[in-house]
Amino acid sequence: MTEKKYVRNVFKHVMCGGKRKKELYKSFLELVIEKKEEGMDIESIISEMGEPEEVAEEINVYLSEKNLLVNRMILNVYNGCKYANILAFVIVILTFGSMFVKQYKILRFVYEHQDASAYFFASPLMFPVQISGLIVLIILIIALFIIRSVLKRKYMG
Amino acid sequence: MVNEFEKQIKRGMLDIIILNMLTQKPCHGYELLQEIKRSSQIFESLKEGTLYPRLYRLLDNECIEFNLAVDEKKSKVKKIYNITKKGKIQLEELLKIWDMFVEDMSSVLGR
């Protein structure tokens, strides 16, 4: 058995996808080649590294623990998006409410004083900060909703 | 079942031992393996194929880090592993859990 065949045998039993598998394969091959360059024969390399099935089992355990960690991170991101979405929605409602109250007061003032120039102030231009804030918040709500949907579809199927 | 239980316990123990050894001095992988084999009966027959996945896990969790150093004798670059601040905190936590388990199991099993 050559050192490449040994590493191939290990990775025959490793359960993970392309890129990650390639990275791990490369780093294990480097280790094995290093040992060969130090003058070890393949039997000694196997006795130092372990039988292919044994090594593969440890790599699989490492990968499953890593997946667990990634899943936990995804769940945290998902929940973060959910709460940010609720918060943004509440702010939108409050801003709309305050704008409505202000608008109502202005219109009432115009009605009571019959001052046509006040119509200008009652226009939406009166609230540039609120309106731009609302636009940003609505974009944020949509973005968060899309992120949540993608995460749900991809990882929580 | 016994075999699987032993493997699981060993994996947990190995994480603690690696972190503890790296608090004493930074080591490269092979040096770490030899140290562990020398100092522990349970890990006398520890293989590199078991050690490296544990090192990868600790690296992923940012408990350890590595620096590249040139081995002048062999003119090769080696990874020297070192414990991080997070790793030291984790080690403290793990040792507390370990002590608690040992104490509790002794009292439950009456040994």
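What follows is a chat about salt bridges, surface patches and a loop in this predicted model.

Student: Let's start with chain B. How many helices and strands does chain B have?

Tutor: Chain B comes to 4 helices and 3 strands. Going from the N terminus, the elements run α-β-α-α-β-β-α.

Student: And what share of the residues in chain B is buried?

Tutor: Buried residues account for 34% of the 111 residues in chain B.

Student: What about contacts in chain B between residues at least 6 apart in sequence: what percentage join residues at least 24 apart?

Tutor: That comes to 49% for chain B.

Student: OK, salt bridges. How many turn up over all chains?

Tutor: Searching the whole structure gives 15.

Student: Which residue does A:K35 pair with?

Tutor: A:K35 meets B:E48 in a salt bridge, with 2.5 Å from N to O. A:K35 sits in helix α2 (residues 18–37) of chain A and B:E48 in helix α3 of chain B, so this pair joins two chains.

Student: Are those two buried or exposed?

Tutor: A:K35 counts as buried because its relative accessibility is 5%. B:E48 is buried as well, at 1% relative accessibility.

Student: What does A:E57 form a salt bridge with?

Tutor: With B:R11, where the closest N and O atoms are 3.7 Å apart. This pair also crosses between chains: A:E57 belongs to helix α4 (residues 52–113) of chain A, and B:R11 to helix α1 (residues 2–24) of chain B.

Student: How does burial look there?

Tutor: A:E57 is partly exposed at 24% relative accessibility, whereas B:R11 is buried at 7%.

Student: Which residues are linked with A:E57 and B:R11 in a network?

Tutor: A:E58 and B:K7 are linked with A:E57 and B:R11 in a network of salt bridges.

Student: Now one inside chain B. What's the N to O distance for B:K25 and B:E31?

Tutor: Their side chains meet in a salt bridge at 2.9 Å, N to O. B:K25 is partly exposed, with a relative accessible area of 36%, and B:E31 is partly exposed too, at 27% relative accessibility.

Student: Switching to the surface. Which residues form the positive patch?

Tutor: The positive surface patch is made by A:K4, A:K5, A:R8 and A:K12. One of them, A:R8, is in helix α1 (residues 3–12) of chain A.

Student: Why does A:R8 count as partly exposed?

Tutor: Because its relative accessibility is 46%, and partly exposed covers the range between under 20% for buried and over 50% for exposed.

Student: So which residues of α1(A) are buried?

Tutor: In α1(A), the buried residues are A:E3, A:Y6, A:V7, A:N9, A:V10 and A:F11. The buried residues of that helix pack against α2, α3 (42–49) and α4 of chain A.

Student: Which residues form the nonpolar patch?

Tutor: That surface patch consists of A:I138, A:I142, A:F145, A:I146 and A:V150, with about 460 Å² of accessible area together. Take A:I138, which lies in helix α6 (residues 128–155) of chain A. A:I138 counts as partly exposed because its relative accessibility is 38%.

Student: Last topic, the loop between α3 and β2 of chain B. What's up with phi of B:E62?

Tutor: Phi of B:E62 is near 60°, which is positive although the residue isn't glycine. Most residues other than glycine have a negative phi.

Student: Is B:E62 buried or exposed?

Tutor: B:E62 counts as exposed, since its relative accessibility is 52%.

Student: And B:N61, where does that one lie?

Tutor: B:N61 lies in the loop between α3 (48–60) and β2 (64–71) of chain B. B:N61 is buried, because its relative accessible area is 17%, and the cut-off for buried is under 20%.

Student: What is B:N61 in contact with, leaving aside neighbours within four places in sequence?

Tutor: B:N61 is in contact with A:L69 and B:K86.

Notes
Residues numbered from 1 in each chain as written. Chains lettered and ligands numbered in written order. Predicted model: local features only at pLDDT ≥ 70, side-chain atom pairs only at ≥ 80, totals over all residues. Heavy atoms only, no water. Patch = residues over 30% accessible without salt bridge, like charges linked within 9 Å, V, L, I, M, F, W, Y side chains within 5 Å. Areas by Shrake-Rupley, 256 points an atom, 1.4 Å probe, with all protein chains shown as cover. Salt bridge = Lys/Arg side-chain N within 4 Å of Asp/Glu carboxyl O. Lys, Arg positive; Asp, Glu negative; His and termini not counted. Charge placed at Lys NZ, Arg CZ, Asp CG, Glu CD. Buried < 20%, exposed > 50% of the residue type's maximum accessible area, 1.4 Å probe, protein only. Contact = heavy atoms within 4.5 Å.
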